[in-house]
Amino acid sequence: VFIGNLGSSATAESVADYFSSCGEIQSVRIITGQDGAPKGFGYIDFFSVEAAEKAVGFSHTELEGRDIYVALSPQQP
């Protein structure tokens, strides 16, 4: 699941806490630049498709003061 418009203070832990009601989370990755600063987006891997679909319902909700965008992303091999 892709998450966009994350604030610079968002951490893998805070994102996992926010989406924990969707279902069991396998991993959270916050994408950073070469300087280590967050780029404002990331990915959550859930153990079930149902949990991922529920997470999409969190699109246009507020996480740490930012209106986030959430969408299904292609499954990685």
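In which sense do strand E2 and E3 pair, and over how many bridges? Strand E2 (residues 25–32) and E3 pair in the antiparallel sense, over 6 bridges.

The model shown is predicted: local features need pLDDT of at least 70 and side-chain atom pairs count only at pLDDT 80 or more, while totals for chains, interfaces and linings use all residues. Residues are numbered from 1 along each chain as its sequence is written, and side-chain values use heavy atoms, with hydrogens and water left out.

**View 1. The hairpin of E2 and E3.** Strands (E, at least two residues) and helices (H or I, at least four) are DSSP runs numbered from the N terminus; two strands pair if DSSP finds at least two bridges between them. Val-28 stands opposite Ile-44 in E3. Between E2 and E3 lie 5 residues, and Gly-36 in the turn has a positive phi of about 90 degrees.

**View 2. The largest nonpolar core.** Such a core is a set of buried (under 20% relative accessible area, 1.4 Å probe, protein chains only) Ala, Val, Leu, Ile, Met, Phe, Trp, Tyr and Cys residues joined through side-chain atoms within 4.5 Å. Of its 17 residues, Ile-3, Val-15, Phe-19 and Phe-46 touch the most other members. Helix H1 (12–19), strand E3 (38–46) and helix H2 (49–56) each supply at least two core residues; the largest share, 3 residues, comes from H2.

**View 3. Surroundings of Phe-46.** Beyond its neighbours within four places in sequence, Phe-46 is in contact (heavy atoms within 4.5 Å) with residues including Val-1, Phe-19, Cys-22, Ile-25 and Ala-55.

Notes. Buried means under 20% relative accessible area, exposed over 50%, partly exposed in between (1.4 Å probe, protein chains only).
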